[in-house]
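I opened my notebook to look a few things up in this structure. Here is what I wrote down as I went.

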Amino acid sequence: MGRTVYVDLFFLINFSMDFLCFFLAGKLLERKMSLPRMLIASALGGIYANVSLLLSLGGILGVVIDVAVCMIMCLIAFWKNGGVIKNTLVYIATSIVLGGFMTAIFQLLDKAKLPFDAVDSDGISAWMLAILAAVSALICVFAGRFFRRRTTKKTTRLTVHINEKKKTLDAFCDSGNLLRDPISGKPCIIADAGALRGTLPDSIIDLSLDDCNTGNVTDTDILRRIRLVPTKTATGRGMIVCMRVDKLVIGEGKDAHEADALLGLCNISELSVAHGGCLALIPTELLV
């Protein structure tokens, strides 16, 4: 026996869920989201849901196509806003969590045998869909507040590891640090170059203080690690020397975790008073 699917309702449900997932993923990733892009990406998800239902895609091919569409949707929603793989993984994880909550809530309400028809002959009734949508919105709000509390910490510790040497600095959790490598999309932790002298090679320290003149660097290993990242501040535009180190660890003890980021070098010692004497600036997204 076949079943009747209303294309417009099926589109609306998937559109709404995709929009909620993008909203929550943006909060978790500390991204500045564009409403038009979120709407376009969510609409694409709603259209694909109907197409995949008609084509009955399954197996490995279906999974590959699903992931590819998710990546395209995330490219649209998070345009020029971080790595597509990381964004896609967070979006998928958010979809799974929200879907699990909605399924659990639906089953609980259905078992409660309320004096309303939770399920009618065509599927979920309108009032049940409204309840599930409202609960999903509340989940987004409370989850956003929870992760904001996690990122309200003002100071932490940063340990830089390179070539079997390490240096630990006091770091300020800076929500205004939105610097990213335009190629890899990785965030950049800013550290005072002078404070790392003796841990990093002198050539990279001098480079960061010499208007990014790479002609003075002859070590090929250092050259492979260097990234010149464009910056935009209140005083104008410029370039900052960033590099890949062996490891960047944020926090201490049980709270310590490795960050997937670049290390930017500049002279911030004059500004350290405003940051509680800290000699490194960490984007808040790396605290979660």
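**Entry 1: the whole chain**

I started by noting that this is a predicted model. I looked up the make-up of the chain and found 7 helices and 11 strands. Next I asked what share of the residues count as buried. Of the 288 residues, 39% do. I also checked contacts between residues at least 6 apart in sequence, and 63% of those join residues at least 24 apart.

I picked strand S10, residues 262-266, and asked whether to call it mostly covered or mostly open. Mostly covered, I wrote, since 4 of its 5 residues are buried.

Then I looked for the strands paired with S10. Strand S5, residues 188-192, is joined to S10 by 5 bridges, and the two run parallel. I found Asp192 standing opposite Cys266 of S10.

Strand S7, residues 236-243, also pairs with S10, this time through 3 bridges and in an antiparallel way. Here I noted Cys242, whose bridge partner in S10 is Gly264.

Which way do S3 and S8 run relative to each other, parallel or antiparallel? Antiparallel: 4 bridges join S3 (residues 155-162) to S8 (residues 247-250). One pair I wrote down is His161 with its bridge partner Lys247 in S8.

S8 has another antiparallel link, with 2 bridges to strand S9, residues 257-258. In that pairing, Val249 stands opposite Glu258 of S9. S8 and S9 form a hairpin with 6 residues between them. In the turn I spotted Gly251, with a positive phi of about 90°.

Another reminder to myself: two packed helices are described by the angle between their axes and the distance between the axes.

I looked up both values for H2 (residues 35-55) and H3 (residues 59-77). Their angle is about 160°, and their axes are 8 Å apart. Angles over 145 degrees count as roughly antiparallel, so H2 is roughly antiparallel to H3. Their crossing is right-handed.

Which residues meet there? On the H2 side I listed Arg37, Ile40, Ala41, Leu44, Gly45 and Tyr48. On the H3 side, the residues they meet include Gly62, Ile65, Asp66, Val69 and Ile72. Sorting the residues of this contact gave 10 nonpolar, 2 polar and 2 charged.

Most residues other than glycine have a negative phi, and most peptide bonds are trans. With that in mind, I went looking for exceptions.

Asn163 has a positive phi of about 50° although it is not a glycine. I found Asn163 in the loop between S3 and strand S4, which spans 165-174. Is Asn163 buried, partly exposed or exposed? Partly exposed, with a relative accessible area of 42%.

Glu164 is another residue other than glycine with a positive phi, near 65°. Glu164 too is found in the loop between S3 and S4. Its relative accessible area is 85%, and I marked Glu164 as exposed.

Methods. Residues numbered from 1 in each chain as written. Predicted model: local features only at pLDDT ≥ 70, side-chain atom pairs only at ≥ 80, totals over all residues. Heavy atoms only, no water. Buried < 20%, exposed > 50% of the residue type's maximum accessible area, 1.4 Å probe, protein only. Pairing = 2+ DSSP bridges. Axes fitted to C-alpha atoms, helices over the stretch in contact; angles between N-to-C directions. Parallel < 35°, antiparallel > 145°, perpendicular 65-115°, else oblique. Left-handed = near helix turned anticlockwise from the far one by under 90°. Contact = heavy atoms within 4.5 Å. Nonpolar A, V, L, I, M, F, W, Y, C, P; charged D, E, K, R; others polar.
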